[in-house]
Amino acid sequence: MEKNRNREALRALQNSNSQSDNVMVCFGNMFIKFPKSRTKDMIQKDQEQLDEEICKLCNQLKVKVNRLNEAQGKPELKGFNLTPLTQEEMQAVTKILKN
């Protein structure tokens with residue numbers, strides 16, 4: 001949810017037609033006038049931090065699910081430890097498929 005709000009805020013900053021270099025930013029329950037570039041940097045850093053936390057939680061979840069299955073005597077889930085292709089790997093696959 002917070003990740004989506006950050007994405008919306010970045011999009012609003014990009015599409016802003018305002019001539020002013022400052023924007024109003026809400027911190028807690030107060031609004032502060034902040035430079036647009038600094039606000040954008042803060043939101044992007046927050047977005048990166050959220051991505052890292054999400055990745056960390058997903059990896060922890062996989063381990064916990066495997067432990068739970070092991071405790072219940074169930075077999076390990078197949079395909080559960082898959083990782084997505086990187087952009088470079090995807091480009092290589094696309095190139096091979098075109099030939």
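N6 is buried, at a relative accessible area of 10% (buried means under 20%, with a 1.4 Å probe and protein chains only). The model is predicted, so local features need pLDDT of at least 70 and side-chain atom pairs count only at pLDDT 80 or more, while totals for chains, interfaces and linings use all residues. Residues are numbered from 1 along each chain as its sequence is written, and side-chain values use heavy atoms, with hydrogens and water left out.

N6 lies in helix α1, residues 2-15 (helices are DSSP runs of H or I with at least four residues, strands runs of E with at least two, numbered from the N terminus). Apart from neighbours within four places in sequence, N6 is in contact with I43, D46, Q47 and L50, contact being heavy atoms within 4.5 Å. With Q47 there is also a side-chain to side-chain polar contact of 3.2 Å (a pair of N or O atoms within 3.5 Å, where one must be able to donate a hydrogen and the other to accept it).

As for confidence, mean pLDDT (the predictor's confidence in each residue, from 0 to 100) is 87 for the chain, with 100% of residues at 70 or more.

Notes:
Buried means under 20% relative accessible area, exposed over 50%, partly exposed in between (1.4 Å probe, protein chains only).
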